[in-house]
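Here's a quick briefing to read alongside the structure.

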Amino acid sequence: MSRSVMITDNLNNKNGNIEERLDYNDMYNSFKINLQVNSTYEISFTATYTGQYKDAYNLLRMGQGIWYDGREYYIEQVENGFDENGLATKQITAHAILIDLMKNVRIDPKQPTEDAPEISGDSSSDSGDDSSSDDNPQPGTVVKKSDEQQIYSLQELLDKFLKDNDQGIRYELHGNFPKQAIECSGSLYEWLGNNLASFGAYYIPHNYVLKIYDLDAFKLPTDVQLRYLHNVTSVDIQSDGNEFYNDFDVYGGKMEKDITTAGSGNGVSEAVNGDWTPVIQNAASLVGEHLSQADINLVLAQINLESGGNETILGGTDGLADGRATGLLQFKPGTFNYYCRPPYTTITHGLDQIIALFNVPNWRNQITGHSGWSPSGAPISKSPIQAQPTTSSSTAGANDIVSFCRSFVGKVPYVWGGSTTSGWDCSGFVCYVLNHFGINTPRTNTVGLENKGTQVSPPYQTGDLLFWGAHGNSYHVSIAMDSTYRVGADNERDGTVYRTIASWPPDFAVRVPGFGGGNATNADGDSSTTTTTESYYALHYHYHDEESIKMFGLHRGPQVLADSVYDMDTLKQYVKNTVTTAPPTTIENNEIGVGDLHLGNTCKVIAPEANISQEMTLMGISYNPFQPNGDVTLTWNNTGLALKNAIYALYHDIHQMNNNLDRNNTYGAIGTKLEDHFKNVESQKQSELSKGQANRPYVFSSGQVAAIDDFVNS
């Protein structure tokens with residue numbers, strides 16, 4: 001090990017050309033190196049101004065580089081003062097160079113500027129296509145990972161920070177690390193402090209190299225033995241029973257189950273006078289598809305192209321062995337079976353084929369209305385649809401009336417005296433609809449329609465005839481879809497319209513026997529779906545450490561929730577890395593005196609009377625290397641069952657020793673010792689001890705005896 005400390009003019013990671021040696025006497029009296037895994041990597045000392053070392057003294061400024069033992073440190077703190085002789089001093093604290101450099105490596109979110117502003121609100125344009133699959137889910141059950149996040153390997157995350165970094169930092173990974181749902185943000189130094197434990201990792205800065213280890217790779221085996229109260233007499237054991245848990249529930253993998261129920265449909269399963277519009281609307285409602293008028297026209301055009309509206313027609317084979325194209329949209333049998341939704345699985349039923357069409361992903365872009373098609377893509381859903389009762393074209397059900405009337409909205413013009421789909425006036429439209437549903441109604445005017453039923457008052461129901469003008473002298477009529485909407489042929493400008501009743505209130509209404517009654521379930525034209533969401537965790541286990549409970553009692557803890565962890569092994573590793581499941585215990589000793597030590601060195605903790613020999617790993621070291629026989633403070637890892645057993649054994653070891661001393665350590669009034677508790681404990685060989693430690697007598701101060709008594713009796 002180098003026994004010199006050099007100060008340079010290397011500032012801010014720029015090579016200097018001056019190097020001065022610091023006073024050895026200052027180093028002997030005050031130098032301290034303090035290395036703590038994942039925390040502190042620093043040196044400190046007090047430099048005194050002397051004529052011989054004034055050049056080195058004057059170089060001690062913030063940011064200057066210090067070399068010791070082949071490693072460079074940056075000065076972080078300088079405190080000026082005077083010693084007892086009136087000489088100027090500087091108290092120096094310097095961190096490993098990599099600590100400063102890592103603070104300069106940052107990943108921060110971009111903030112909005114005028115060139116790249118933050119935009120809120122709906123920026124989409126209204127193209128008349130309200131068919132977004134996100135807004136209009138298909139009926140069925142969708143299970144999804146509600147908190148699924150991108151998981152990254154430690155290497156991927158470090159690459160985000162360090163790829164092409166301008167600080168000259170590189171890294172090494174030693175061991176195996178789980179993937180975690182962690183993002184990169186802030187400085188690399190802060191990020192390591194906040195997240196490295198989740199990977200079960202430890203880092204060591206070595207000049208410009210960041211070395212990261214898992215525990216197995218971190219360990220450096222040695223033959224050092226720590227015999228409590230034998231070669232080590234000053235040991236501080238502190239346990240905290242407030243912040244550990246040995247019994248708790250663990251949940252991971254937050255899930256959501258979206259259960260979507262389709263609209264009720266209008267019950268129309270066959271074309272009405274050759275018009276497939278009501279059937280298209282029914283299919284859309286059953287699967288939860290929202291259609292614009294353009295969508296309906298597109299499907300109608302494709303039906304006309306493929307089959308002319310014949311739901312049982314057979315087409316060709318296209319020279320393929322997968323059967324003949326069949327039915328309304330000319331599905332091949334295998335293709336239809338792939339896209340159909342139970343129970344609508346009959347290829348020669350037009351409704352079933354239209355439902356299959358709506359189950360083709362992005363169906364609007366797969367049909368054109370003027371050329372053949374070949375469905376592609378995975379079905380949107382294969383969940384069964386709750387079948388709705390169908391009605392024939394002669395049944396005057398409320399839903400049938402609404403679907404039939406609305407199929408003409410925006411398509412049939414207003415023609416004075418007309419009564420066909422080529423054009424009609426208000427009374428011609430009503431006569432056409434009544435006749436379609438089996439209510440014999442010769443062509444007549446509004447006054448002639450007043451006598452078709454009994455006059456009623458609001459609220460109106462589906463099928464009620466709405467009149468404007470005095471009874472017996474009415475001048476306009478339309479049909480109520482429910483208590484809110486109506487359909488009618490209003491005027492030459494607007495043609496056949498669908499409007500609210502409140503926008504032009506009628507003067508009276510007539511309810512026609514056998515026509516309508518009640519209100520339609522889809523009168524407002526909304527083939528909506530209802531979605532309910534169930535939330536739950538896919539992973540669950542109960543953590544219970546019976547051995548810990550026997551030793552330390554039950555410490556039941558709060559639930560551990562890891563929403564974004566969807567793998568059980570990863571979940572258990574997450575608990576291991578982040579939850580304190582054993583008493584947080586700090587063991588420090590300053591008399592082991594083993595000379596050259598490194599973070600990661602392992603030793604054995606030995607309690608001879610209990611036959612305990614447990615391995616521990618050095619996680620921290622603080623000492624003055626210029627004083628070979630000086631105090632060394634060592635901090636050992638304090639997690640896991642091994643240490644828990646060791647602490648428990650040490651407690652009983654000391655307790656038993658205390659009992660022996662209480663009984664046998666005095667004789668009469670003169671205090672003559674009758675028994676030496678350590679008499680039969682052989683001294684360690686010189687090779688096991690550092691210089692000056694061989695055959696060391698076992699001497700306890702009064703403070704040490706009091707500390708042992710406090711520990712035993714606690």
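There are 13 salt bridges in this structure, which is a predicted model.

**Salt bridges**

- Asp318 and Lys332 pair up through their side chains, with N to O at 3.9 Å. Both residues belong to the loop between helix H8 (293-306) and helix H9 (333-339), 14 residues apart.
- Is Asp318 buried or exposed? Asp318 is exposed, at 66% relative accessible area, whereas Lys332 counts as buried at 9%.
- Asp425 bridges to Arg443, and their closest N and O atoms are 2.8 Å apart. Asp425 is in the loop between strand S18 (423-424) and helix H12 (426-436), while Arg443 is in the loop between H12 and helix H13 (446-449), so this pair ties together parts 18 residues apart in sequence.
- With a relative accessible area of 6%, Asp425 falls under the 20% cut-off and is therefore buried. Arg443, at 37%, lands between the 20% and 50% limits, so Arg443 is partly exposed.

**A charged network**

- Arg486 and Asp490 form a salt bridge through their side chains, at 2.9 Å from N to O. Both of these residues are buried.
- Which residues join Arg486 and Asp490 in one network? Arg493, Asp494 and Arg499 do, through salt bridges that share partners.

**Nonpolar cores**

- In soluble globular proteins, nonpolar side chains tend to be buried together.
- Here, the largest nonpolar core has 66 residues, and the members that touch the most others are Ile66, Trp191, Leu192 and Ile212.
- Leaving aside residues up to four places away in sequence, Leu192 touches Met102, Leu158, Tyr203, Leu210 and Ile212.

**Overall fold**

- The protein chain holds 17 helices and 30 strands.
- How many of the 714 residues count as buried? The share is 45%.
- Take the contacts between residues at least 6 apart in sequence: 66% of them join residues at least 24 apart.

Terms used. Residues numbered from 1 in each chain as written. Predicted model: local features only at pLDDT ≥ 70, side-chain atom pairs only at ≥ 80, totals over all residues. Heavy atoms only, no water. Core = buried A, V, L, I, M, F, W, Y, C linked by side-chain atoms within 4.5 Å. Buried < 20%, exposed > 50% of the residue type's maximum accessible area, 1.4 Å probe, protein only. Contact = heavy atoms within 4.5 Å. Salt bridge = Lys/Arg side-chain N within 4 Å of Asp/Glu carboxyl O. Helix = DSSP H or I, 4+ residues; strand = E, 2+ residues; numbered from the N terminus.
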